[in-house]
Amino acid sequence: MEKIKVGIIGTGNISGIYFQNGKRFESMEVVACADLDVERAKAKAEEHGLRGCSVEELLADPEIQMIINLTIPQAHASVMLQALEAGKHVFVEKPFTVTREEGLQVLELAKRKGLLVGSAPDTFLGGGIQTCVKLVEDGWIGTPIGATAFMVCGGHESWHPAPEFYYHKGGGPMFDMGPYYLTALIALLGPISRVTGSARMSFPERTITSQPKFGEKVKVEVPTHVAGIMDFVSGPIATILTSFDVKGNSLLPRIELYGSEGTLIVPDPNGFGGPISIWRAGSKEWSEIPLTHGKAANARGVGAADMARAIQTGRKHRANGEMAYHVLEAMHGFHDASEQGAHYVMKSTCERPAPLPLGLADFGLDR
């Protein structure tokens, strides 16, 4: 099948891995990139052997069928809507959009235009989470009962070159890192029926300690410590904690999954591989489980490549817009529940994404 021609919009910190991996997937080919700063786009293009141009030029190019949107969260919706209006399929970095209203607008326009939309994170397609999906499906822990998920750190101002957006609307630990954990849990347990939670902004101002903005102050606009509870349609109850306010380190596991016949330690959902351990009923110790799938390498972009395959074949793509919107709604639901002192009942749903088959290479895809 002829490769889907792709253009990248947004050439910031995350773009490097997309340029690198865009050459490795058989379903798509990155041919151009654009940015509000056209000179930066041209510099990135020269570095990776592509064509650099303005956003308007990229969207007007009839050769390009699909856009990968790597702009900051506040620009996700506007860029996606522009791309859809231009007749392009769109895959966007997480979060899907900043507001639920924007997310619904994107889904409705895509449906009206007959185009596909998808969203990171796609790490759930890595060997780590996919192995866990198979273990759950094969009954290794019996009937799932519950789960815990933890992502705590001191914030991104210590390492990111331009960390301001992490503390503005659309940022915060839930909107930045929550998508990895919620998407992994949906891949394992299916959609969420309701959520509740508590959230706080611990520090109204942050000081950047990374270069080149060392010493600059950032006004915080969003909660930076969020604890949530989720009821899943299939029955399990899960807890999640995301925080940018933990100044020391933590020994908390990333994700644990509890079942009627055992407990599964799921690897970091921000990676593609990772160690997996299980303690089955009757055991006296943890057992490490080897990966049943490939994709232990950093295959970021595999969700976009899977969407390109869906364009080619007509099958459903896994990191799809409906699941991304469901995650977005749940994240807002935690904040709403905290403000209102009540459960938030989910209005959207999604399908649990189809597991990847065994035997695929790190950058291989099924048809």
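Two residues count as being in contact when heavy atoms of theirs lie within 4.5 Å. With that in mind, here is a friendly tour of this predicted model. Among contacts between residues at least 6 apart in sequence, 72% join residues at least 24 apart.

**Overall form**

The secondary structure comes to 9 helices and 17 strands. Along its principal axes, the C-alpha trace spans about 60 × 50 × 35 Å. For 367 residues, a compact globule would have a radius of gyration near 21 Å, and the 20 Å of this protein agrees with that. Of the 367 residues, 58% count as buried. The accessible surface comes to about 15000 Å², and 53% of it belongs to carbon and sulfur atoms. As for charge, the protein has 35 positive and 41 negative side chains, with the centres of the two sets 2 Å apart.

**A covered helix**

Just after α6 comes Gly139, with a positive phi of about 85°. Most residues other than glycine have a negative phi, and most peptide bonds are trans.

**Two cis peptide bonds**

The peptide bond from Lys94 to Pro95 is cis, with omega near -5°. Pro95 lies in the loop between β5 (89–92) and α5 (100–113). A cis peptide bond also joins Gln211 and Pro212, where omega is about 10°. The loop that holds Pro212 runs between β9 (205–207) and β10 (217–219).

**Aromatic pairs**

A search of the whole structure finds 4 aromatic pairs. Two of them are set out here.

| Pair | Geometry | Centre to centre | Angle between planes |
|---|---|---|---|
| Tyr167 and Phe244 | edge-to-face | 5.7 Å | 65° |
| Trp279 and Trp286 | edge-to-face | 5.4 Å | 90° |

Tyr167 sits in the loop between β7 (144–152) and α7 (172–189), and Phe244 in the loop between β12 (237–243) and β13 (255–259), so their pair ties together parts that are 77 residues apart in sequence. Both Tyr167 and Phe244 are buried. In the other pair, Trp279 has 32% relative accessibility and therefore counts as partly exposed. Trp286, at 38% relative accessibility, counts as partly exposed too.

**Around Gly228**

Which strand holds Gly228? Gly228 belongs to β11 (residues 225–232). Its relative accessibility is 4%, so Gly228 counts as buried, because the cut-off for burial is under 20%. Leaving aside residues up to four places away in sequence, Gly228 touches Thr196, Gly197, Ala238, Thr239, Ile240 and Phe334. Gly228 and Leu241 are 13 residues apart in sequence, and their C-alpha atoms are 6.4 Å apart in space.

Key
Residues are numbered from 1 along each chain as its sequence is written. This is a predicted model: local features need pLDDT of at least 70, side-chain atom pairs count only at pLDDT 80 or more; totals for chains, interfaces and linings use all residues. Side-chain values use heavy atoms; hydrogens and water are left out. Helices (H or I, at least four residues) and strands (E, at least two) are DSSP runs, numbered from the N terminus. The radius of gyration is taken over C-alpha atoms; the globule rule is 2.2 Å times the number of residues to the power 0.38. Buried means under 20% relative accessible area, exposed over 50%, partly exposed in between (1.4 Å probe, protein chains only). Accessible areas come from the Shrake-Rupley method with a 1.4 Å probe; for residues, only the protein chains shown count as cover. Lys and Arg count as positive and Asp and Glu as negative; His and the chain ends are not counted. The place of a charge is taken as NZ of Lys, CZ of Arg, CG of Asp or CD of Glu. Rings of Phe, Tyr and Trp (its six-membered ring) pair if their centres lie within 6.5 Å; planes under 30 degrees apart count as stacked, over 60 as edge-to-face and the rest as tilted.
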